[in-house]
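Trainee: I would like to go through the labels used for this model and ask what each one rests on.

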Amino acid sequence: MEKIMTFEEMIEKFKEEWLLIEYDELDEELTVKRGKVLFHSPNKSEVYKKLMEIQGKNIAIEYAGDVPKELTVLFKLS
């Protein structure tokens, strides 16, 4: 079973990796405050593939590092 962690703990544990998070709490800017890391990888495409297997959960994808300014990620799930 995945452990509930703060976002700061996730960043420390999974440095420079993409995270698929089932969040428990968001802040007013919709940034993850707490949740469970369901999957992690240095390759974002692996995280998106894993996302397709998950339904019925509050999900966020975050990067545990500095995201290059030229990188923008936007998608809509039905």
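Mentor: Start with contact, which means heavy atoms within 4.5 Å. By that criterion S41 touches E17, W18, E46 and V47, with residues up to four places away in sequence not counted. Keep in mind that this is a predicted model.

Trainee: Why is S41 called buried?

Mentor: Buried means under 20% relative accessible area. S41 has 3% relative accessibility, so S41 counts as buried. The residue sits in strand β3, which covers residues 32-41.

Trainee: What does the side chain of S41 reach?

Mentor: The backbone nitrogen of N43, at 3.0 Å. A polar contact needs a pair of N or O atoms within 3.5 Å, one able to donate a hydrogen and the other to accept it.

Trainee: What makes the sheet open, and which are the edge strands?

Mentor: The order is β1-β3-β2-β4, with antiparallel pairing in an open sheet of four strands. The edge strands are β1 (4-6) and β4 (59-63), each of which pairs on one side only. From one strand to the next, the twist averages 50°.

Trainee: How do you know that β2 and β4 pair?

Mentor: Two strands pair if there are at least two bridges between them. Five bridges join β2 to β4, and these strands run antiparallel. For L19, the bridge partner in β4 is E62.

Trainee: Where does helix α2 lie?

Mentor: Helix α2, residues 44-51, lies across β2, β3 and β4, and runs at about 55° to β2.

Trainee: Which residues make up the largest nonpolar core?

Mentor: The largest has 10 residues: M5, F7, M10, F14, L19, I21, V32, V37, A60 and A64. At least two residues of this core come from each of α1 (7-13), β2 (18-26) and β3. A second, separate core has six residues, including W18, L20, V47 and I61.

Trainee: How many aromatic pairs does a search of the whole structure find?

Mentor: One. W18 and Y63 form the pair, at 4.8 Å centre to centre.

Trainee: Why is that aromatic pair called tilted?

Mentor: Ring centres must lie within 6.5 Å; planes under 30 degrees apart count as stacked and over 60 as edge-to-face, with the rest tilted. The angle between the planes of W18 and Y63 is 50°, and the pair is tilted. W18 lies in strand β2 and Y63 in strand β4, so the pair ties together parts that are 45 residues apart in sequence. Both W18 and Y63 are buried.

Methods. Residues are numbered from 1 along each chain as its sequence is written. This is a predicted model: local features need pLDDT of at least 70, side-chain atom pairs count only at pLDDT 80 or more; totals for chains, interfaces and linings use all residues. Side-chain values use heavy atoms; hydrogens and water are left out. Buried means under 20% relative accessible area, exposed over 50%, partly exposed in between (1.4 Å probe, protein chains only). A nonpolar core is a set of buried Ala, Val, Leu, Ile, Met, Phe, Trp, Tyr and Cys residues joined through side-chain atoms within 4.5 Å. Axes are lines fitted to C-alpha atoms, for helices over the stretch in contact, and angles run from 0 to 180 degrees between N-to-C directions. Rings of Phe, Tyr and Trp (its six-membered ring) pair if their centres lie within 6.5 Å; planes under 30 degrees apart count as stacked, over 60 as edge-to-face and the rest as tilted.
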